[in-house]
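Here is a brisk report for a first look. Take a moment with the sequence and the structure, then read on.

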Amino acid sequence: MPHDPDPPPAKRFKPGSVLFRLDKNKPRMLLPTKGSATSPIDVQRKRLPIYQAKPQLLNQLRQHHSAILIGETGSGKTTQIPQYLYESGIGRQGVIAVTQPRRVAAVSLAARVAEEKRTPLGKLVGYTVRFEDVTSFETKLKFLTDGMLLREAIGDPLLLRYTVVVLDEAHERTVHTDVLFGVVKAAQHKRRELNKIPLKVIVMSATMDVDLFSEYFDKSPVLYLEGRQHPLQVYYTKQPQADYLQAALVSVFQIHQEAPPSHDILVFMTGQEEIESLARTCRDISKHLPDSCCLMVVVPLYASLPPAQQLRVFRPAPTGCRKVILSTNIAETSVTISGIKYVVDTGMVKAKRFSPDSGLEVLAVQRVSKAQAWQRAGRAGREDSGSCYRLYTEQEFNQLAPMTVPEIQRCNVAAVMLQLMALGIPDVMHFDFMSKPSPEAVRSAVEHLELLGAVEWKDGQVLLTALGKKMASLPLEPRYAKTILLSPNYSCADEILSIVSLLSVDAVLFNPPARREEVLAARKKFSSSEGDHITLLNIYRSFKKAGGSKEWCRENFVNSRNMGLVKEVQAQLRDICLKLNLKLESCGADTGNVRRCLAHGMFVNAAELQLDGSYLALHTHQPVAIHPSSVLFQAKPAYVIFNQLLHTSRCYMRDLCLVDADWLLDAAPDYFSRKLRPTKS
Ligand code: CDP
Ligand code: MG
């Protein structure tokens, strides 16, 4: 085993340091319940809180076109409602769709329901997520992501295959959920008008602004499920914590040293990198604890983790061993993990933020809302009493926003506008959103699409161009779609498809900090002075040359599962391109073509080196910096395009590609004659 030269972090950890103060104001009581994961599945189904309410629920759901259903996470909404509907013959003429904001939830829920129905997945019960379809003509209960149902609506705006659409996890309010609300509502109305089979809409959540939803869905009734809620102790820190990661670490080990091994811990954090790094630290520390402490299994959970690994969180820890799950907000509601007795809430979340003035969307680590904090706390004490340790003071809690602002009001809505137009929505500028994006955001999105050539103005109306229509047929952000469509002009469609696929799947590379030197040495042979896109392409080409070998992946710190997914994504994109009659050539060693193509497709994300050595994003003249993970970090290229902005201590550009000013000028002459430094134009 490689020896870590650093002293184990355990030495820095002071056992017994008390961070918390008890919150006495929030007693939350509940009915005692029995529940055991080992009892037969039918017995488990009957023990769910929803089972008691089944007859009344079905009665209500039969009567109304739309309904809102509220019930604690774990009460059985998602797994039972579709089965109840199906078993009682509601919606039998068609398919019952259940939407999920997250892929992992759609997959794991479909698997669970298939198991409960004792049928193989893909028969009666199936799922469809981006780039994966496990359904057949027999499928009657179909779990799918919001994004997938939206894509289906492009070909079938009335959603005629479905008799019921269950919009689950509605409080999540991702862009897709919000657009879907409008699309489903419109389909429901239109079907009524045209005398087609009615569409029943059921909106479900554990927590949400019910008045807003009820009003929006034609004043539909709100059905409340009696939840099972065990006493929950909430603790706050005495002082604000400067370093929430350190505070999380201390809390985990404080609990670990005191609690019985069967009590699992769930820690809410913000993203993959910090989760993986804390996971490592926890594993290291736990190795150095006295024997009186039980063993610890640390399981990470985040959206970009390969599905099979995500499912590891559901596996119980071996007897005598504590499970510690380090998760993003994905574990707030989407997935129900049993055995959680302690929740540690950093109070932070990584989320999109968009400023229409600057036109830039950034990912930023920010405070959660009160609703989110309660939802997180509720993950403890689902099966028995539990505790939540908030790594912030009560005063900080009181200052949190009450509800999370829906994503549609804090992201770039260009993709949404494009999709709405492709759906044939007549007046996209005035689409019936439950919460409207600001007029500036809509204007900025339409401008963005106009720059990409996807839309044009005619008689005061925004219309989709032929290019825009093609762009909408690719399930990608508009700028990626445009780049793919341009690629045949540069004879590099093959490379661009690879690059876009690599960028669509997160985290194809492992970067364990403890093995930094080895990682750098392994990466060196792929590293390209042309930037991260070409470096990724080199890695992908070698991966394919090595026949996708796991051994090769391990040696090169490449995530072999995610690479497998890249191959699938690429195959699907390739199919769409073939349908669009695109010529799929490879440019071989001439990667200059690839960069030219990227410059043309992604010119809105260009940045320019300034005389003082800093960078400005050209679209907005906002100061930006090269992220340390980029192969261009030490270089000072005059012009780059970037994929993403990440806001931490400063605004970082991630995934950069070296480009020429001339290419940018060529791509959008009018735009850049205004943006580029005068000496260059
Ligand atoms: O939707 P809601 O949060 O109300 O509950 P659910 O997802 O229908 O889950 C009900 C119960 O089914 C959970 O408490 C778990 O015991 C079980 N379940 C499971 O074992 N595995 C899954 N993948 C999903 C649910
Ligand atoms: Mg659910």
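Predicted model: local features only at pLDDT ≥ 70, side-chain atom pairs only at ≥ 80, totals over all residues.

## Contacts with ligand 1

Lys77 reaches ligand 1 with its side chain: a polar atom there lies 2.8 Å from an oxygen atom of the ligand. Arg112 does likewise, with a polar side-chain atom 3.1 Å from a ligand oxygen. Gly76 uses its backbone instead, where an N or O atom lies 2.9 Å from an oxygen atom of ligand 1. Taken alone, the ligand exposes 530 Å², and the protein buries 83% of that.

## The shell as a whole

In total, 14 residues surround ligand 1. The closest are Gly74, Lys77, Thr78, Thr79 and Arg382. By type, the shell holds eight polar, four charged and two nonpolar residues.

## A covered strand

Is strand β7 mostly covered or mostly uncovered? β7 spans residues 162-167, and six of its six residues are buried, so the strand is mostly covered.

Strand β7 has a partner in β3 (residues 95-100); the two run parallel and share five bridges. In this pairing, Ala97 stands opposite Val165 of β7. β7 also runs parallel to β8 (residues 200-205), joined by four bridges. Here Val164 faces Lys200 of β8.

## Domains

The domain assignment divides the protein chain into domain 1 (41-224), domain 2 (229-407), domain 3 (412-459) and domain 4 (478-675). Between the C-alpha centres of domain 2 and domain 3 the distance is 37 Å.

Definitions and conventions
Residues numbered from 1 in each chain as written. Chains lettered and ligands numbered in written order. Heavy atoms only, no water. Near = heavy atom within 4 Å. Polar contact = N/O pair within 3.5 Å; in protein donor to acceptor, adjacent residues only side chain to side chain. Areas by Shrake-Rupley, 256 points an atom, 1.4 Å probe, with all protein chains shown as cover. Nonpolar A, V, L, I, M, F, W, Y, C, P; charged D, E, K, R; others polar. Domains from an automatic or database assignment. Buried < 20%, exposed > 50% of the residue type's maximum accessible area, 1.4 Å probe, protein only. Pairing = 2+ DSSP bridges.
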